Amino acid sequence: MSIDLIYTLLALACVMIAFVTDASLYLSRSLLRASFGPMIARANASSFTIGLGLGAVCTTLVAAIVFGSSSAIMAAALSLLCMLAAMDIVWRWLPTEWTASLTVLGLGAAVFSGDLLTAFTGAALGGGILFSLRLVFLRLLNKEAMGLGDVWLATAIGSFVGPIYITWVLATAAIFGLALHLLLPVPKRNRLGVAFGSHICATGAIFMAF
């Protein structure tokens, strides 16, 4: 079995794992309910989830065929980031199965490129920064300023971008999140302004792609 086929199968497996979890169904219901109402959401959530999953799988497969296995990993990773961003906005939830799949993809890409040490360092730094901030806020404010999902998400993105760029990702996400929170009308602030995970996903995708 060739190395390209192994990495393509890895990308496909990570995407499919994300879509067979209950979290994908919750996300589908939320998106349908917001767009078409609760009756449509109840009747079509399962088929909508299958459609999203097939779309992500087909995108990953086409990327592998046209551009190679490294592009398949990136397509799968961007699909997961879109799902995570939407889930964070709707539910303030970053499912561990999704962030774990993203981490596996990041480490797999690092093995493919022969730069596993950079990936491990980036993952450790990204998760370490947010976990440390979480402890500081917990000590000072006696409440959780961010969940563990944000920590695992930073770990996953750090495995892709490395130790230098993960600091840029987190700083840019924080600045953008704060600016959006201040610029949005008050009724929308709690929905978009404080969904830090969605900002990490957006900035992480930009740094990963470019």
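**Starting from one serine**

Guide: Happy to! Keep in mind that this is a predicted model. Let's begin with Ser101: leaving out residues up to four places away in sequence, Ser101 touches Cys14, Ile17 and Leu80.

Visitor: Where is Ser101 found?

Guide: Ser101 is part of helix 5.

Visitor: And does Ser101 count as buried or exposed?

Guide: Ser101 counts as buried, because its relative accessibility is 5% and the cut-off for buried is under 20%.

Visitor: OK, zooming out. How many helices and strands does the protein chain have?

Guide: The protein chain has 9 helices and 0 strands. Reading from the N terminus, the order of elements is α-α-α-α-α-α-α-α-α.

Visitor: How compact is the chain?

Guide: The chain is as compact as a globular protein of its length, because its radius of gyration is 17 Å, close to the 17 Å that the globule rule gives for 210 residues. The C-alpha trace spans about 55 × 45 × 25 Å along its principal axes.

Visitor: What share of the residues counts as buried?

Guide: That is 42% of the 210 residues. As for contacts with a separation of 6 or more, 68% of them join residues 24 or more positions apart.

Visitor: What about the largest nonpolar core? Which residues have the most contacts inside it?

Guide: Those are Leu102, Leu105, Leu153, Ile157 and Ile200, in a core of 43 residues. Two or more residues each come from helix 1 (3-19), helix 2 (22-36), helix 3 (38-67), helix 4, helix 5, helix 7 and helix 9 (196-209). Helix 7 gives the most to this core, with 11 residues. As general background, nonpolar side chains tend to be buried together in soluble globular proteins.

Visitor: Let me pick Ile200, then. What does Ile200 touch?

Guide: Not counting residues up to four places away in sequence, Ile200 touches Leu130, Asp150, Leu153, Ile157, Val169, Leu170 and Ala173.

Visitor: New topic: how much space lies in the second largest pocket?

Guide: The second largest pocket holds about 260 Å³ of space. Its lining has 16 residues, and Ala109, Ala110, Ser113, Ser159 and Phe160 lie nearest the centre.

Visitor: Which helix gives the largest share of that lining?

Guide: Helix 5 does, with 5 residues. At least two residues each come from helix 4 (69-91), helix 5 (96-113), helix 6 (116-141) and helix 7 (148-183).

Visitor: And how does the pocket lining divide by class?

Guide: The lining of the second largest pocket has 9 nonpolar, 6 polar and 1 charged residues.

Note on methods: Residues are numbered from 1 along each chain as its sequence is written. This is a predicted model: local features need pLDDT of at least 70, side-chain atom pairs count only at pLDDT 80 or more; totals for chains, interfaces and linings use all residues. Side-chain values use heavy atoms; hydrogens and water are left out. On a 1 Å grid over the protein atoms alone, a cavity is a set of points where a 1.4 Å probe fits but cannot get out, and a pocket is an open set with protein on both sides within 12 Å along at least five of seven lines; lining residues have an atom within 4 Å of a point. Grid points are joined across faces, edges and corners, and a volume is the space filled by probe spheres set on the points. Helices (H or I, at least four residues) and strands (E, at least two) are DSSP runs, numbered from the N terminus. Ala, Val, Leu, Ile, Met, Phe, Trp, Tyr, Cys and Pro count as nonpolar, Asp, Glu, Lys and Arg as charged, and the others, Gly among them, as polar. Buried means under 20% relative accessible area, exposed over 50%, partly exposed in between (1.4 Å probe, protein chains only). Contact means heavy atoms within 4.5 Å. A nonpolar core is a set of buried Ala, Val, Leu, Ile, Met, Phe, Trp, Tyr and Cys residues joined through side-chain atoms within 4.5 Å. The radius of gyration is taken over C-alpha atoms; the globule rule is 2.2 Å times the number of residues to the power 0.38.
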